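Biologist: I'm new to this one. Can you put it up and take me through it?
Modeller: Here it is.

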Amino acid sequence: LPLDKVSFPGGYPNGDGYLLYPGRPIGVDGPVTTIRLEVARDGVEDFDYLTLLKTFADRTGDKEALSLLSDFAALLEIPNAGGRYSSKILPDPSRLAALRLQAGAALDRLSR
């Protein structure tokens with residue numbers, strides 16, 4: 001059953017701030033992760049990628065790494081619309097996914 005169709009003891013309403021839910025009500029042995037936790041993990045991984053990429057770019061002057069850092073920076077405007085309208089902050093999420101893949105390839109190449 002989808003989580004929104006399952007009745008949890010004590011209630012677990014949408015947007016409650018939980019990072020994990022008990023898996024037993026949906027037949028999973030152990031905790032079930034939330035989108036909130038997955039997105040937080042993505043943010044930590046993005047920070048690690050950008051930190052490593054900047055380190056390599058500073059050390060080697062690699063043009064691709066420098067260009068990627070600029071491309072990542074261009075995704076974020078400060079100040080931004082904020083609030084609940086994430087499409088105003090990141091209108092093209094596929095661009096972020098593409099940059100993540102390019103950064104991974106660049107890091108693989110630069111770390112050899």
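Modeller: R36 is partly exposed, with a relative accessible area of 39%; partly exposed lies between buried, under 20% relative accessible area, and exposed, over 50% (1.4 Å probe, protein chains only). This is a predicted model, where local features need pLDDT of at least 70 and side-chain atom pairs count only at pLDDT 80 or more, while totals for chains, interfaces and linings use all residues. Residues are numbered from 1 along each chain as its sequence is written, and side-chain values use heavy atoms, leaving out hydrogens and water.

Biologist: Where is the place of R36?
Modeller: R36 sits in helix α1. Helices (H or I, at least four residues) are DSSP runs, numbered from the N terminus.

Biologist: How far apart are the C-alpha atoms of R36 and L19?
Modeller: They are separated by 6.2 Å, with the two residues 17 apart along the chain.

Biologist: What does α1 reach from its first C-alpha to its last?
Modeller: Helix α1 covers residues 35-60, 26 residues, and reaches 37 Å, close to the 38 Å expected. The expected span is 1.5 Å times one less than the number of residues.

Biologist: Which residues of α1 are buried?
Modeller: D46, L53, F56 and A57. These buried residues pack against α2 (63-74) and α4 (93-110).

Biologist: And what comes just after α1?
Modeller: G61, which takes a positive phi of about 70°.

Biologist: At what angle do α1 and α4 pack?
Modeller: About 45°, with their axes 10 Å apart. Axes are lines fitted to C-alpha atoms, for helices over the stretch in contact, and angles run from 0 to 180 degrees between N-to-C directions. That angle makes α1 oblique to α4, since angles under 35 degrees count as roughly parallel, over 145 as roughly antiparallel, 65 to 115 as roughly perpendicular and the rest as oblique.

Biologist: Which residues in α1 meet α4?
Modeller: D42, D46, Y49, L52, L53, F56 and T60 in α1 meet L96, R100, A103, G104, A106, L107 and L110 in α4; contact means heavy atoms within 4.5 Å. By class, this contact of α1 with α4 has nine nonpolar, two polar and three charged residues. Ala, Val, Leu, Ile, Met, Phe, Trp, Tyr, Cys and Pro count as nonpolar, Asp, Glu, Lys and Arg as charged, and the others, Gly among them, as polar.

Biologist: Switching to α2 and α4, how do their axes cross?
Modeller: The axes of α2 and α4 come within 10 Å and cross at roughly 155°. That makes α2 roughly antiparallel to α4.

Key:
Helix = DSSP H or I, 4+ residues; strand = E, 2+ residues; numbered from the N terminus.
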